[in-house]
Amino acid sequence: MEKNQFPYEVYDEEKVACALRHLPCETHIESLSTFYKIMGDPTRLMLLMALEAGELCASDLANVTNMSRSAVSHQLKTLRQAKLVKSRRDGKIIFYELDDEHIHSVLKVALEHIKEDRHDPQS
């Protein structure tokens, strides 16, 4: 590693090299940022959490989340485009579910993380 490669003094060349090897490419960073922006919306997150229980139609999601069907449909479109949910048609009704096990895992791990006692200032 060339000493003038970085704008600031390097204290641990090995750790810097390791961190650089672990950084994803810029395209993946952008995609991950978009993923978290979509997941970061409380309304969409509530829909995703409701779908943790299993497949639901837009009308049932509206009832569960206390939202209008129009608002639910709008958010489901965004979630579908982001490949966070998938849909299937049964006659006139479209049912939605989480796209794959990765989405279940992300939601489960994130919720477990925020529920940890060590993050509770009262403990």
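A residue counts as buried under 20% relative accessible area, as exposed over 50%, and as partly exposed in between, with a 1.4 Å probe and protein chains only. At 77% relative accessibility, A53 is therefore exposed. A53 lies in the loop between helix 3 and strand 1. Its C-alpha is 9.7 Å from that of L98, although the two are 45 residues apart in sequence.

The structure is a predicted model, in which local features need pLDDT of at least 70, side-chain atom pairs count only at pLDDT 80 or more, and totals for chains, interfaces and linings use all residues. Residues are numbered from 1 along each chain as its sequence is written, and side-chain values use heavy atoms, with hydrogens and water left out. Helices (H or I, at least four residues) and strands (E, at least two) are DSSP runs, numbered from the N terminus.

Three strands form an open sheet in the order 1-3-2, with antiparallel pairing. Two strands pair if DSSP finds at least two bridges between them. Strand 1 (56-57) and strand 2 are the edge strands, and each pairs on one side only. Strands of a sheet pair through backbone hydrogen bonds, either parallel or antiparallel.

Strand 1 and strand 3 run antiparallel and are joined by two bridges. L56 stands opposite Y96 of strand 3. C57 has F95 of strand 3 as its bridge partner. Strand 2 (residues 85-90) pairs with strand 3 (residues 93-98) in the antiparallel sense, over six bridges. Here K86 stands opposite E97, and R89 opposite I94. Two residues separate the strands of this hairpin, and G91 takes a positive phi near 70°.

Helix 3 (residues 42-51) packs on the sheet and touches strand 1, strand 2 and strand 3. Contact means heavy atoms within 4.5 Å. The direction of helix 3 makes about 90° with that of strand 3. Axes are lines fitted to C-alpha atoms, for helices over the stretch in contact, and angles run from 0 to 180 degrees between N-to-C directions.

Helix 3 also packs against helix 5, at an angle of about 85° and with the axes 10 Å apart. The two helices are therefore roughly perpendicular. Angles of 65 to 115 degrees count as roughly perpendicular, under 35 as roughly parallel, over 145 as roughly antiparallel and the rest as oblique. Helix 3 contributes T43, R44, L47 and L48 to the contact, and helix 5 contributes V72, Q75, T78 and L79. By class, this contact has four nonpolar, three polar and one charged residues. Ala, Val, Leu, Ile, Met, Phe, Trp, Tyr, Cys and Pro count as nonpolar, Asp, Glu, Lys and Arg as charged, and the others, Gly among them, as polar.

Helix 4 (residues 58-65) packs on helix 5 (residues 69-81) at about 110°, with the axes 9 Å apart. Helix 4 and helix 5 are thus roughly perpendicular to each other. A58, S59, L61, A62 and T65 of helix 4 meet R69, V72, S73 and L76 of helix 5. This contact has five nonpolar, three polar and one charged residues.
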